[in-house]
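Work through these exercises with the model open. Each task is followed by its solution.

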Amino acid sequence: MPGDALAGRLTPAEHDAVRRLDQTWRQEPGFRGWLRSVDHKPIALRFLVTAFVFFLLGGLEAATMRAQLSRPENTLVGPDLYNQIFTMHGTTMMFLFAVPVMTAMGLYFVPLMIGTRNVAFPKLNAYGYWVYLFGGLFLYVSFFLNTGPDTGWFSYVPLAGPEFSPGKRVDVWAQTVTFTEIASLVGAVELIVTIFKNRAPGMTLNRMPLFVWAMLVHAFMILFAMPWIATASQMLAMDRLVATHYFNPAEGGDALLWQHLFWFFGHPEVYIIFVPALGFVSSMVSTFTRRPVFGYPAMVFSMVATAFLGFGLWVHHMFATGLPALSESFFTGSSIMIAIPSGVQIFCWIATIWYGRPRFTVPFLFVLGFVVLFIIGGFTGVMVASVPFDLQVHDTYFVVAHFHYVLIGGAVTPLLGAVYYWFPKITGRMMSERLGRWQFWLFFVGMNVTFFPMHWLGFRGMPRRVYTYLAETGWGGLNLTASAGAALIAISVVLFLINVVRSLRAGAPAGPDPWGGDTLEWATSSPPPPYSFAFLPVVGSREPLWEPGGMTVATGLRTDVREVLVTTLLDAAPDSTHRHPQPTIWPFVAAVGTAVTFITLIFTPWGVVIGFPMLFAAFTGWAWPRGDDHREQLMVDHAS
Amino acid sequence: MIQLPEAGHSALVPAGPQARSVDRLWDGMYGTSIVVFVLVVGFLLYAALRRRPSDGVPIEGQVSRMLTAVVIATGLTIAVLFCFLVLDISVGSALSRTPSGATRIEVTGHQWWWEVKYPGARPGDQVITANEIHLPVGRPVTIELRSEDVIHSFWPPSLTGKRDLIPGKVTTVSFEADRPGVYRGQCAEYCGHQHAKMAFLVVAEPADRFGAWLARQRDTAVTPADTLARRGRDVFVSTTCAMCHAIEGTPAGSHVGPDLTHLMSRHTIAAGTLPNTRGWRAGWVADPQSIKPGTKMPPSDLSAGDLQAVLAYLETLR
């Protein structure tokens with residue numbers, strides 16, 4: 001179908017324009033087209049699907065751990081495999097699922113919400129996806145070859161150093177992290193530049209949807225947090241491969257240096273995952289109460305404040321290392337303070353719901369579930385900010401309970417709601433509400449049955465990362481309960497998959513705007529055409545689709561070449577146009593070169609020498625002026 | 001023989017002032033959290049489910065009411081958090097004071113067991129044992145923590161919170177047991193393969209009994225009279241056993257593994273993993289890898305007769 005939601009009321013001239021757009025932005029068919037695509041929607045969708053596949057793999061790992069721990073001295077998996085599994089679970093969920101899935105939601109919906117046709121750097125975007133995919137594949141291939149990392153997702157030295165972890169397992173971890181960092185940084189740059197320079201005319205910064213603000217904050221946090229882990233993981237790799245001694249106390253290195261570097265990334269990471277979820281919740285709250293979220297400036301300020309404070313709490317992961325008490329108090333203060341912006345946002349949502357007219361759809365149920373679960377995780381978060389209390393529960397199942405409430409409750413629950421909410425936009429079909437309700441309640445109950453008892457396991461002395469425990473400890477009952485809860489979550493996830501597959505085939509057609517949303521993604525057809533909008537929307541308020549007069553559109557962009565509008569940073573006034581690339585294979589080639597370099601480096605420093613020419617060739621091809629573009633440029637010059 | 005279920009192993013069943021103050025802190029925070037949780041979720045559900053009057057409050061009135069409500073809720077949040085902060089720091093500073101006149105004990109972490117030293121006034125007075133810490137009730141102890149390999153974390157929940165053992169550093173933790181008893185602890189920092197089976201016991205006993213225990217631990221092993229045990233001693237000092245284990249009073253003097261001079265005085269073997277009974281000792285010496293896969297103790301290649309002799313000898317190490 002040509003065009004978008006406006007297609008019905010087009011003049012013949014406009015029909016021509018839409019036909020030309022269809023031709024210009026056409027997706028290449030087949031496998032070749034799949035490899036060469038530079039459109040943000042299929043790439044972000046791949047990102048989402050890949051991230052959910054990793055979510056399932058991480059979930060299978062969790063299920064295996066819960067099966068092993070369901071009774072004392074169980075022998076389902078031994079220590080060697082268990083240690084790999086819990087490391088894979090953490091690494092998968094943090095690096096291959098949670099951050100990428102959030103970035104991917106941004107890469108799909110930010111351009112739609114700000115009314116542009118693609119992300120700012122389409123080739124780079126494709127490169128980011130391929131690097132991420134190769135990193136994930138590399139980790140899992142290694143795992144199935146019994147070379148999965150086994151020192152935890154945090155890989156503390158000296159355990160992860162060359163002396164205590166010979167072999168390649170930790171190298172696999174360090175390089176996987178490097179892959180995902182590149183992908184994350186690429187995603188962050190895409191989001192920031194797209195948000196700053198490609199907003200629809202009239203969408204000033206203070207008219208941006210809260211979702212877009214959340215993604216902007218998410219991207220900036222990645223930009224400041226990821227370089228630390230990139231540095232740290234490369235230092236670890238060098239300690240292991242070329243015998244530097246950054247972390248070796250025997251040679252003047254320092255084991256705690258790793259912890260500082262890791263957590264200076266690792267704590268912001270939690271908020272990198274959590275802040276986009278705040279954006280999902282704001283979108284859903286406003287749509288399902290049919291009123292704008294109350295306190296827009298407070299909401300924006302809270303997200304920005306969360307990002308700043310998020311960088312000032314890393315030491316609360318290190319209270320047990322015996323740092324000076326005064327410095328610990330500062331981190332207690334900042335860790336407690338970060339509860340304030342979260343509180344403000346929850347209060348603003350409750351106020352919005354109070355005077356709104358809530359519709360109890362499945363996404364809205366997930367929003368309510370999110371608030372309940374996240375509050376529990378928030379409370380225990382304030383508790384572990386206390387040094388004496390933390391020293392009791394640190395590295396126990398209490399903390400496992402805490403951060404699963406925060407990450408599953410605070411991020412995965414809104415994400416599942418967001419899938420129900422935006423699935424119609426992506427696929428053009430609705431998901432089943434009936435199955436969705438079943439899924440929600442199983443998930444909500446399962447989540448609590450699994451993780452609530454873990455608080456008490458922690459108090460009763462059960463440390464994290466143990467592959468088994470003695471019957472005499474008395475931990476069997478609570479562990480069995482937790483494992484039963486995990487089974488409920490597993491059933492809920494299966495229902496979700498069934499719902500997705502069935503709705504893809506037989507879901508009710510959605511139409512452009514099934515929920516009556518207020519943001520621009522609902523102004524185009526579902527699924528959106530490759531150029532997203534036939535006519536660029538012009539924005540006059542924060543809720544462009546709820547404006548009484550309907551939408552206005554801008555014309556003037558060329559339809560015969562891939563052109564997007566560049567607007568000014570603050571006011572989104574039209575500034576210039578930007579020519580976008582045709583489909584190209586070079587991002588894929590460059591990613592292959594990157595993967596070859598990183599993987600070879602594990603075995604020999606000659607990896608640099610082998611990889612450099614490949615990457616040089618790939619990036620040369622990437623930047624090579626295309627003949628077609630050139631000719632078009634001349635035609636323009638001639639015409640003008 | 002003390003059964004493990006009797007051993008205190010819970011932060012919520014404190015047996016000393018340090019753990020008790022954290023337990024009280026938890027009670028306060030837990031109570032506050034329940035109240036706040038009920039309030040917030042109550043407001044949320046009421047906001048979502050309340051019956052909406054058809055005439056409704058005009059928009060202007062709604063905004064000012066929402067603003068008031070959010071400001072009050074935020075103010076209350078800040079007040080509660082500030083109370084938490086004051087409480088945290090006051091409890092924390094009380095706990096971080098190092099007591100004077102404390103008994104000093106040195107604990108060194110190894111993959112995957114605990115070496116325990118009681119320094120003496122004279123060189124011969126030093127006591128070395130493993131996986132079991134005795135201390136006097138009602139007197140503060142300060143434990144100096146070191147690591148021989150990777151990072152471990154010392155944690156007897158009934159007595160005190162954690163302190164990491166970090167290679168290249170010395171950390172300390174001070175606490176006191178005010179009820180006699182046996183308390184269990186377990187390594188709390190992931191330290192590799194057998195992190196799960198790196199436990200220890202803390203035996204808190206009246207000062208006189210502690211003194212007597214310490215005096216006995218200073219004794220060296222005597223050569224057994226029994227011929228089987230004597231053969232066991234010869235096997236022990238002449239085979240791989242002596243390459244890792246020390247028995248004071250014999251040529252075996254290596255401290256790679258636990259000191260066995262007073263093995264029979266301990267409740268457990270294999271770092272709190274097995275009860276210290278003849279059957280488990282036999283199983284452990286013969287095939288430690290099937291009990292604790294990856295442990296640094298290699299399987300023994302002793303003949304059945306030699307094994308029996310070594311076991312008989314170990315039983316004399318009281």
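**Exercise 1.** How many residues does the contact take from chain B and from chain A?

*Solution.* Start with the ground rules. This is a predicted model, in which local features need pLDDT of at least 70, side-chain atom pairs count only at pLDDT 80 or more, and totals for chains, interfaces and linings use all residues. Residues are numbered from 1 along each chain as its sequence is written, while chains are lettered from A and ligands numbered from 1 in the order in which they are written.

Now count. Chain B gives 65 residues and chain A gives 65 residues; contact means C-beta atoms, placed from the backbone, within 7 Å. Next, find the main contributor. On the side of chain B that touches chain A, α2(B) has the largest share, 18 residues. Last, sort by class. That side of chain B has 37 nonpolar, 20 polar and eight charged residues.

**Exercise 2.** Describe how α6 and α17 of chain A pack.

*Solution.* Locate the helices: α6(A) covers residues 169–197 and α17(A) covers residues 586–603. Their angle is about 160° and their axes are 10 Å apart. The two helices are therefore roughly antiparallel (an angle over 145 degrees). Then list the contact: D171(A), Q175(A), T178(A) and F179(A) of α6(A) meet F598(A), I599(A) and I602(A) of α17(A).

**Exercise 3.** How far apart are the centres of domain 1 and domain 2 of chain B?

*Solution.* Take the bounds from the domain assignment: domain 1 of chain B is 1–119 + 134–177 + 187–196, and domain 2 is 227–314. Over C-alpha atoms, their centres are 39 Å apart. Eight residues of domain 1 of chain B contact eight residues of domain 2 of chain B.

Terms used:
Axes fitted to C-alpha atoms, helices over the stretch in contact; angles between N-to-C directions. Helix = DSSP H or I, 4+ residues; strand = E, 2+ residues; numbered from the N terminus. Parallel < 35°, antiparallel > 145°, perpendicular 65-115°, else oblique. Contact = placed C-beta atoms within 7 Å. Domains from an automatic or database assignment. Nonpolar A, V, L, I, M, F, W, Y, C, P; charged D, E, K, R; others polar.
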